[in-house]
Protein chains: 2
Amino acid sequence: MLSEERLNATLHASGRRLTRQRRIVLEILKESQEHLDAETIHDQAKARDSQVSLATVYRTLALLKEIGLVEEHRLGEGHAHFEAVQSSPHYHFTCLGCGRVIEFDAPQVMEVARALGEREGVEITTTHLFFSGYCPQCQQERRNSRNDQL
Amino acid sequence: MLSEERLNATLHASGRRLTRQRRIVLEILKESQEHLDAETIHDQAKARDSQVSLATVYRTLALLKEIGLVEEHRLGEGHAHFEAVQSSPHYHFTCLGCGRVIEFDAPQVMEVARALGEREGVEITTTHLFFSGYCPQCQQERRNSRNDQL
DNA sequence: GTCCATGCAAACTGTTTGCACGCGC
DNA sequence: GCGCGTGCAAACAGTTTGCATGGAC
């Protein structure tokens with residue numbers, strides 16, 4: 001598993017340690033190819049190994065983010081979601097009705113980032129593109145409930 | 001002032017009221033063409049009219065968002081920023097070093113949204129494009145501090 | 001006068017932190 | 001065994017809510 005090696009190497013290089021908990025959190029994120037929130041990661045971690053605290057989950061997520069193995073997303077809700085970095089970047093649409101998330105790709109984003117970096121001299125390290133609205137089913141429901149009101 | 005009329009009309013239509021506080025919050029957002037956080041809006045509101053509570057600021061922001069006069073942004077930090085909706089959509093870059101924000105336009109985003117809407121049948125109501133990284137000055141500082149470590 | 005909106009304080013959610021113990025190296 | 005990482009609980013920041021009073025219409 002490549003990313004565990006990377007984790008191990010990075011930790012060693014900075015005098016830090018590869019612990020059971022850190023391995024578990026990374027595994028969970030790699031296996032479930034979804035954006036999980038801290039609470040969910042914590043639950044799954046406890047299922048694998050009784051004692052993992054929520055604080056450690058947060059500390060580990062910060063660490064993995066720093067190393068670049070994990071990305072944090074804010075999908076409109078009050079809390080954050082995390083996912084293992086994948087080879088191809090992708091973006092998110094969230095349905096405001098049912099919370100369903102659709103992932104999509106958009107190569108144009110890299111071009112926008114490149115152009116902005118060039119124009120402003122900034123170095124762009126992360127890009128987020130986030131849409132929200134209504135999925136087909138929820139569009140239908142909203143139409144119905146509007147009719148009910150008349 | 002167009003948007004106050006819109007606010008007034010929308011409120012009337014749904015049996016709600018245009019209060020001093022609601023007018024103040026909308027004015028603040030219109031005048032300062034920036035993304036303010038709730039705390040800042042609250043401070044400015046108090047300056048104009050002694051008694052405006054933070055709870056009301058939040059309730060009003062939710063209302064203005066619902067009506068479509070105000071947008072909420074999550075610029076990487078833990079708290080939300082709000083700004084009056086402008087005719088032309090625009091997006092944000094935040095410097096991770098100093099917090100500086102650069103606004104930019106990117107017409108390509110609408111095209112991406114259109115294409116996704118068509119392909120998935122979703123109705124997209126809001127779009128966020130958010131970059132983070134380092135501005136020129138902070139890139140320099142990071143280079144320096146890295147050299148210091150060697 | 002009616003009923004929505006407000007102020008206040010308390011509750012709540014997600015996240016961070018201080019400290020003593022535990023464990024990777 | 002040294003020192004980083006952990007668990008626990010308390011602290012914290014941002015936001016929301018219940019309730020009695022105030023104010024728009």
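Predicted model: local features only at pLDDT ≥ 70, side-chain atom pairs only at ≥ 80, totals over all residues.
Local features need pLDDT of at least 70 and side-chain atom pairs count only at pLDDT 80 or more, while totals for chains, interfaces and linings use all residues. Residues are numbered from 1 along each chain as its sequence is written, chains are lettered from A in the order in which they are written, and side-chain values use heavy atoms, with hydrogens and water left out.

**Stop one: both chains.** Select A and B together: 31 residues of chain A are in contact with 30 residues of chain B (contact means heavy atoms within 4.5 Å). The two chains bury about 2,700 Å² between them, 63% of it on carbon and sulfur atoms; buried area is the accessible area (1.4 Å probe) lost on putting the two parts together, summed over both.

**Stop two: three residues.** Now pick A:Val112, A:Glu123 and A:Phe131, which supply 20% of the area that chain A buries against chain B, more than any other three residues.

**Stop four: the elements of chain A.** Helices (H or I, at least four residues) and strands (E, at least two) are DSSP runs, numbered from the N terminus. S6(A) gives the most, with twelve residues.

**Last stop: strand against strand.** Show S6(A) with S6 (residues 123-134) of chain B; the two pair in the antiparallel sense over eleven bridges (pairing takes at least two DSSP bridges). Zoom in on A:Gly133, and you'll find it opposite B:Ile124 in S6(B).
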